[in-house]
Amino acid sequence: MAAARRRWATRAEPPGALGRLEDLAVQLAGVTGLCPPPVPASPAVAVFAGDHGVVSDGASAWPSAVTAAMVETMSAGGAAVCVLAAGIGASVTVVDVGVASPLDHLENVRHERVRPGTASIVRGPAMTAAEAAAAVEVGIRIVGELVDSGADCLIGGDMGIGNTTAAAAIIGAACGRSAEAVTGAGAGLPARGPEHKRRLVAAAMQRAKGCADPLELLAQLGGLEIAALAGFYVAAAGRRTPFIVDGAIAAAALCVADLLSAEVASHAIAGHLSAEPAAGIALEHLGLRPLVDLDLRLGEGTGACLAFPLVKAAAAALEQMAELPTARPAP
């Protein structure tokens, strides 16, 4: 990172004129251990899918069956993340880590189901600690396969009706914030309104109060896709591969990942600021600034895909810009 700062000081521009692109290139140098950092050319998206028992408590305007329907849409290339990934030349791997409905008939889906959905986080633990660990391992394994196949920038996505409730509870617990502060509309507020969803988040947080172990936090409040994303981020940092974080569900996973392995968050690139309030709270807690703010709240990895060109531009600028005839002090 120090070498990257020195290199910026010699590029053909006024000091600091490229603003946050310069900071991003410095971070990329630190993540990869190379200066200049390689310009990413083979991005890969992995979308992890799982169902949530809290839907039975009225957490979402949508039924759980929509999770399986959207996984099928993704497997056919018709989801928003598939369109945006194609625009940046990224592959898309769809992983069933915990969908309640059988999906064995879908050939374009990785079948890594730990269990068919979680239990209600309002009434008890979402899963066992062993199941949480198994879901984390799925994310770790997917990173290994993608990086070994040539991926040089990773994007984690999510799909799971009810997952904004679980994510809000995790972020509230990890960041020390209230249910009121972290609860948003998600994919559409339940019929009983925002206050009902806040009560669900508050009840889940109260039940898990004092839970410090990250695997136990996942077991108490998590979704299987959130656990897999946490493993995905831990492994990406360990493989020194840049990764772009998406919205609220991804931010919850990053909070857990940073607890599982110190300094994971310092490797993360915050792709965008989700319209979900929990996302901004988590990013601030982790010391991250999002690259774009487009009022997105879809998930799937969509906002992270949109941020990828900025990541590529930052690395390319540091690598390819001409050097001034004489060096100058860093700004």
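Reader: Why is Arg239 counted as partly exposed?

Author: Happy to explain: Arg239 has 37% relative accessibility, and partly exposed lies between buried, under 20% relative accessible area, and exposed, over 50% (1.4 Å probe, protein chains only). Therefore Arg239 counts as partly exposed. This is a predicted model, where local features need pLDDT of at least 70, side-chain atom pairs count only at pLDDT 80 or more, and totals for chains, interfaces and linings use all residues. Residues are numbered from 1 along each chain as its sequence is written, and side-chain values use heavy atoms, with hydrogens and water left out.

Reader: What makes Asp148 and Arg239 a salt bridge?

Author: Their closest N and O atoms are 2.8 Å apart. A salt bridge needs a side-chain nitrogen of Lys or Arg within 4 Å of a carboxyl oxygen of Asp or Glu, so the pair qualifies. The pair links distant parts of the chain, 91 residues apart: Asp148 is in helix H5, and Arg239 is in the loop between helix H10 (224–238) and strand S5 (243–245). Helices (H or I, at least four residues) and strands (E, at least two) are DSSP runs, numbered from the N terminus.

Reader: And why is Asp148 called exposed?

Author: Its relative accessible area is 58%, which is over 50%, so Asp148 is exposed.

Reader: How do you know whether Asp96 is buried or exposed?

Author: Asp96 has 1% relative accessibility; that is under 20%, so Asp96 counts as buried. Asp96 also forms a salt bridge with Arg113, with the closest N and O atoms 2.7 Å apart.
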